[in-house]
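Please keep the sequence and the 3D view at hand.

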Amino acid sequence: MTGLRILLGAAILGGLGAAAPFTPLWLISLVTLAMSTGLVVCGLIILWRGGLVPFGQALFFATGAYTVALSGRWFGVTDAFLLIALAVIMAVLVAFVVGFLLAQYREIFFAMLSLALSMILYGVLVKSETLGSTDGINVAQASFFGMMPRGPGYTFALFWLALGMVFAAWVGVSAYLGSVAGQLAGAIRDNEIRVEYLGISVTRLVHLKLTISAALAGAGGALAALSISHVDPQMAYWTTSGGFVFVTILAGAASVPAAFLGALLFEIVRTIAVALLPGGWQLILGSVLLLTILFVPEGLGSLMIRKRVTVSGREAA
Amino acid sequence: MITVIAIVTDGLVYAAWLFVVAIGLTLIFGVMKILNVAHGAFYAFGAYAAATAIGLYFDRGWPVAGGYLAIATAAVAIGLVMGYILERVFLRRVYGRDEVVVVLITYALFLILEDVLILIWGTDGRSAYQPYTEAGSFTVGGLPLSVYDIGLVGFAGLLAIASALTIKRTTFGRLLTAVIYDRETAAAFGVNVTRVYTVTFLIGAVLGALGGALTAPKISVTPGIGVEVIVLAFAVVAIGGMGSMEGALVGALIVGLFRAGAVHLIPQLELFSIYAVMALVLVFRPQGLFSRVQPRKI
């Protein structure tokens, strides 16, 4: 990634941050929530490029969210940055451990086993009173550099925090995708055994990808917990994971910004769908997903890239 | 002692139900390589169709025995209609695409059908307990046993035998086996693979609907029952080995008994126990208990 693109990205995100005070609060909350989904989808892209689709990414999402909630409740941690760091560390730890098992699997088996692991967490969360059972627990208000902004100020602070996280994720994930390990993803998807013959351990590479994606999912979960001020077991349920895969399909694995735009589109579609047809939002979501897969199989991100190719006549990034 | 008997009987009843649902799922996966999330919708629609049929039938005060026929008819009818539409309109367009993409298609269909279900039947729960209570119950060693539950276990047993015989003895079963082992070779030998796919999907859909219909008298039929069952059926199929019928049977028994054990001994671990067993089995047998070794492509 060139310095120019980084500057451009920083300028766009900075502009968004500056526009926040002039934007309705509900829209800011919606965008913040969309960004938390976008962070998770960034992680899914890393796996997706290697041909891996986890149906249980909610495992790490919920781990991050519950870490935030419980750190506040049990240890009185309020600093937002510390909370997010803790959430990421926990998610990485979980991914590191389950990775030894998960990294052995591919394709549908990878998807199913990751689903099973997330459902184990769901089962534990639902049944344990100390973790709030089905009601979940409230998340205490976070502080920023020792300050406790109230009302709209808190929404802005979270939004700016989200922008910072998106920037970090964007730079980091783009750098990883451009690195040798990241570039090998396509080779793994095409033919794993050939990659092994090159002297590279595919299992370890998949383990690494899983851990990175978990870090992003943990960060997304932490942001969602702070933004909603509440966590519940539904965050670990398989429909949550399905939502992440949904956005990945919608956005396509072509580029990182597409993940965030896809997440934003997802939140908007969901908000509109709930407003228009309260009992039928799944119907609308399902139809959008179906149409995307049937007619735009590479995701909406591919449309942007295809256009770029025709304009400048060079290869797609 | 009484706990042990309770665990075994509960476990068997639960396993019977799981088997009926899971065998349809594993059949579709084995033949078509489609992990059909919409199976949960077949189940839910089957349950609702049965509940409606039971309501209509028993309101008229007709003989009880016919009520069971009404359940079966409703399930078969709705399974055939839904299976046909889904296969013809949607799945046929994506044969040959990535397995994961096809899963997502069925996931999208599942989301849509969940809401279609609410549009048709509304959000209120329905109960259709008459077939369950009319069947009566008796007591063994201080433990009440429902005749309906015993019938369910018997039905699952018959289904297991019938499917084994169909696979081994009939022409269609042999065609299925050929397609399961190698679709392209089977096609080269003149097997009409498209037709086998359609028939398989219809059978799977009917079995899913039947699973729901048989459960309807035992539970309050509410929206969302499909979500729960699909994840359980996945666990069963993954334990047994995806695409394996005997695997579905053994997987259903394992999950059924473990869950019953958890419910009676440590109720907090009910859901956890099922997935813990699944994870444990997969650690030692990554492809499930009854899967064939897959050759790797170099």
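In which loop of chain A is Ser229(A) found? Ser229(A) sits in the loop between α9 (202-228) and β2 (230-231) of chain A. The model is a predicted one, and in it the phi of Ser229(A) is near 65°, a positive value in a residue other than glycine. Most residues other than glycine have a negative phi. Ser229(A) counts as partly exposed because it has 14 C-beta neighbours inside 10 Å, and a residue would need 20 or more to be buried.

For Lys33(B), a residue other than glycine, phi is near 60°. Lys33(B) is located in the loop between α1 (2-32) and α2 (39-59) of chain B. With 16 C-beta neighbours inside 10 Å, Lys33(B) counts as partly exposed.

Back in chain A, another loop residue is Thr134(A), which lies between α5 (107-127) and β1 (137-138). Is Thr134(A) buried or exposed? Thr134(A) is exposed, because there are 10 other C-beta atoms within 10 Å, and a residue counts as exposed at 12 or fewer. Leaving out residues up to four places away in sequence, Thr134(A) touches Val126(A) and Pro233(A). Thr134(A) and Asp232(A) are 98 residues apart in sequence, but their C-alpha atoms are 6.5 Å apart in space.

Next comes a pair of helices in chain A. Helix α6 (residues 152-178) and helix α11 (residues 256-276) of chain A pack at an angle of about 140°, and their axes are 9 Å apart. Angles over 145 degrees would count as roughly antiparallel, so α6(A) and α11(A) are oblique to each other. On the side of α6(A), the contact is made by Val166(A), Trp170(A), Val173(A) and Ser174(A). From α11(A) come Val256(A), Pro257(A) and Phe260(A). By class, this contact of α6(A) with α11(A) has six nonpolar residues, one polar residue and no charged residues.

Chain B can be taken as a whole. Its secondary structure comes to 12 helices and four strands. The radius of gyration of chain B is 19 Å, close to the 19 Å that the globule rule gives for 298 residues, so chain B is as compact as a globular protein of that length. The C-alpha trace of chain B spans about 60 × 45 × 35 Å along its principal axes. Of the 298 residues in chain B, 50% are buried. Among contacts in chain B between residues at least 6 apart in sequence, 77% join residues at least 24 apart.

The 15 residues of α12(B) should span 21 Å at 1.5 Å a residue, and the end C-alpha atoms of α12(B) are 22 Å apart, which agrees. Buried residues of α12(B) include Leu271(B), Phe272(B), Ile274(B), Tyr275(B) and Val277(B). What covers the buried residues of α12(B) includes α5 of chain A, together with α10 and α11 (245-265) of chain B.

That leads to the contact between the chains. It takes 36 residues from chain B and 36 residues from chain A. On the side of chain B that touches chain A, α4 (99-121), α10 (225-240) and α12 (270-284) of chain B each supply at least two residues. Which helix gives the most to this side? The answer is α4(B), with 14 residues. By class, the side of chain B that touches chain A has 28 nonpolar, three polar and five charged residues.

Notes
Residues are numbered from 1 along each chain as its sequence is written. Chains are lettered from A and ligands numbered from 1 in the order in which they are written. This is a predicted model: local features need pLDDT of at least 70, side-chain atom pairs count only at pLDDT 80 or more; totals for chains, interfaces and linings use all residues. Two residues are in contact if their C-beta atoms, placed from the backbone, lie within 7 Å. Ala, Val, Leu, Ile, Met, Phe, Trp, Tyr, Cys and Pro count as nonpolar, Asp, Glu, Lys and Arg as charged, and the others, Gly among them, as polar. Axes are lines fitted to C-alpha atoms, for helices over the stretch in contact, and angles run from 0 to 180 degrees between N-to-C directions. Angles under 35 degrees count as roughly parallel, over 145 as roughly antiparallel, 65 to 115 as roughly perpendicular and the rest as oblique. The radius of gyration is taken over C-alpha atoms; the globule rule is 2.2 Å times the number of residues to the power 0.38. The expected span of a helix is 1.5 Å times one less than its number of residues.
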